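This note sets out points for a colleague who wishes to inspect the model alongside its sequence. Please read the points in order, with the structure open.

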Amino acid sequence: MTKPVVTVIGSINMDLVTIANRVPSQGETILGEQFHLIPGGKGANQAVAAARLGARVHMIGAVGTDTFGKELLHSLEQEGVCIDNVKPVTHVETGIASITISDGDNRIIVVPGANHALCPEDIEHCEEIIAQSDVCLLQLEIPLSVVEKAACLAKKHDVRVILNPAPAQPLPQQLVEQVDILTPNEHERDVIFGGMDVSQFAHKLVVTEGARGVTMMKNGQPTLIPGFSVPVVDTTGAGDTFNGALAVALSKGMRLEEACLFGNAAAALSVTRLGAQTGMPTEDEVRQFLKTKKGCLE
C-alpha cells in the first residue's frame, strides 16, 4: 500500500529539558534532578509523529548552521523525514525551547531563532511538494505570512490543511476560511475567535482538552471524543503527537471521529515516556493500544 504523504511546514528546535521536583519561585534557585537535550519544535515534532505512524513526510523549515542545527537535521533524517527543503541560515542560531518539567507538567519558553528566517518565497519554491501531498500540516511557531502562503498553495491544489494554532494569536479570517481543520486547545480557541463568530467555523474545530480528549462537531452538536487514562511521565509533545496522528489518519481515509480517537491514543502513549519526539509511538503500538480499549478502531 502506498504511504500517505504529509508535508509539515513549521519550527525545528532543540529542547533544553530540565526535570525538578518543583518549579522555583521568583528569585529562587533550586537543584534540578536531570537535564536532557532533545530534538523538538512543533513542526519537527509533528513530522516525526507522522513518520512513525506510517506517513511519507516532507519537512519544510529552517535551522542555523550551528551544532544544534546539524544535530536536528540528522535526527529528522534518522526518523525517515525528508529534509531536502529545510533551509540552513547563517545569520541566526537554531531555535531552542527551554522546558522545565515538574510533577508531570511542563513550562516552556521558546526562542524562535532560525525558524523566523523562513519566508513565503521558500514556500513558493516548495509548491510542487505541497501539491503532491495528502495533508499540509501547519503551526504558528513560524511567521504568519509563511503559514498564510502555505495554506493558500495547499488550497490551490485541493490539499487538506490542518492548522494547529499554537502559540495562540488572532488569525486573519481568510486564513481560517482556507484551513480545513483547526486544532486549538480551549485557550487558543478563545484567542483566535476573540473577535469572530465561532459558529460559522465550528465544523472546522477539533478542540484538544488534554487527558479529557477532544471535542468536535458531529451532526451539528459538540461531541467529546474521550482520551485515555495512562500514567504520565512528560506531557511535552502530546499535542504535537495528536496533530501528526490526525494528519496520518485522515490521509488514510479515516472519518474525522475515527481519526480523533486514533490521535488520542497516540497522544496518550506519548505522555508515558520522556521527551517530545522520543516518546512518540509507532502505528503498531497505537493499534495494539486501541485493541485493549473499548471503542477501538477496526
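The numbered points below go from the overall chain to its sheets, hairpins, loops and selected residues.

1. The structure is a predicted model. The chain has 298 residues and a radius of gyration of 18 Å; a compact globule with that number of residues would be near 19 Å, so the value agrees with a compact globule. Taken along the principal axes, the C-alpha atoms occupy a box of roughly 50 × 45 × 45 Å.

2. Secondary structure and contacts. The chain contains 10 helices and 13 strands. Of the contacts between residues at least 6 apart in sequence, 67% join residues at least 24 apart.

3. Buried residues account for 53% of the 298 residues. The accessible surface amounts to about 13300 Å², and carbon and sulfur atoms supply 50% of that area.

4. The parallel sheet. An open sheet is built from 6 strands with parallel pairing, in the order S5-S4-S1-S8-S9-S10. Strand S5 (82–89) and strand S10 (181–182) are at the edges; each has a single partner strand, and therefore one side of each lacks a neighbour in the sheet. Within this order, strand S8 (residues 135–139) pairs with S9 in the parallel sense over 5 bridges. Leu138 has Leu163 in S9 as its bridge partner.

5. The S6–S7 hairpin. Strand S6 (residues 95–102) and strand S7 (residues 105–111) run antiparallel and are joined by 7 bridges. Ile101 is bridged to Asn106 in S7. The two strands form a hairpin with 2 residues between them, and Asp103 in the turn has a positive phi of about 55 degrees.

6. S11, S12 and S13. Which strands does S12 join by antiparallel bridges? S11 and S12 run antiparallel and are joined by 3 bridges, while 6 bridges link S12 to S13, again with an antiparallel course. The S11–S12 hairpin has 4 residues between its strands, and Gly210 in the turn has a positive phi of about 65 degrees. The S12–S13 hairpin has 2 residues between its strands, and its turn includes Asn219. In S13, Thr223 is the bridge partner of Met216.

7. Thr208. This residue belongs to strand S11 (residues 206–208), and its bridge partner in S12 is Val214. Is Thr208 buried or exposed? Its relative accessible area is 18%, and because buried means under 20%, Thr208 counts as buried. With neighbours within four places in sequence left aside, Thr208 is in contact with Pro184, Asn185, Glu186, Gly213, Val214 and Phe242.

8. Ala50. Helix H1 (residues 42–52) contains Ala50, which counts as buried because its relative accessibility is 0%. Not counting residues up to four places away in sequence, Ala50 touches Val6, Ala55, Val57, Gly244 and Val248. The C-alpha atoms of Ala50 and Val8 are 9.2 Å apart, although 42 residues separate the two along the chain.

9. Backbone geometry to check. Most residues other than glycine have a negative phi, and most peptide bonds are trans. Asp158 has a positive phi, near 55 degrees; the residue is found in the loop between helix H5 (144–156) and S9. With a relative accessible area of 71%, Asp158 is exposed. Asn219 likewise has a positive phi near 55 degrees and sits in the loop between strand S12 (213–218) and strand S13 (221–226). Its relative accessible area is 75%, so Asn219 is exposed.

10. The cis peptide bond. Which residues does the cis peptide bond join? The bond links Ala166 and Pro167, with omega at about -5 degrees. Pro167 lies in the loop between strand S9 (160–164) and helix H6 (173–178).

Terms used: Residues are numbered from 1 along each chain as its sequence is written. This is a predicted model: local features need pLDDT of at least 70, side-chain atom pairs count only at pLDDT 80 or more; totals for chains, interfaces and linings use all residues. Side-chain values use heavy atoms; hydrogens and water are left out. Buried means under 20% relative accessible area, exposed over 50%, partly exposed in between (1.4 Å probe, protein chains only). Contact means heavy atoms within 4.5 Å. The radius of gyration is taken over C-alpha atoms; the globule rule is 2.2 Å times the number of residues to the power 0.38. Accessible areas come from the Shrake-Rupley method with a 1.4 Å probe; for residues, only the protein chains shown count as cover. Two strands pair if DSSP finds at least two bridges between them.
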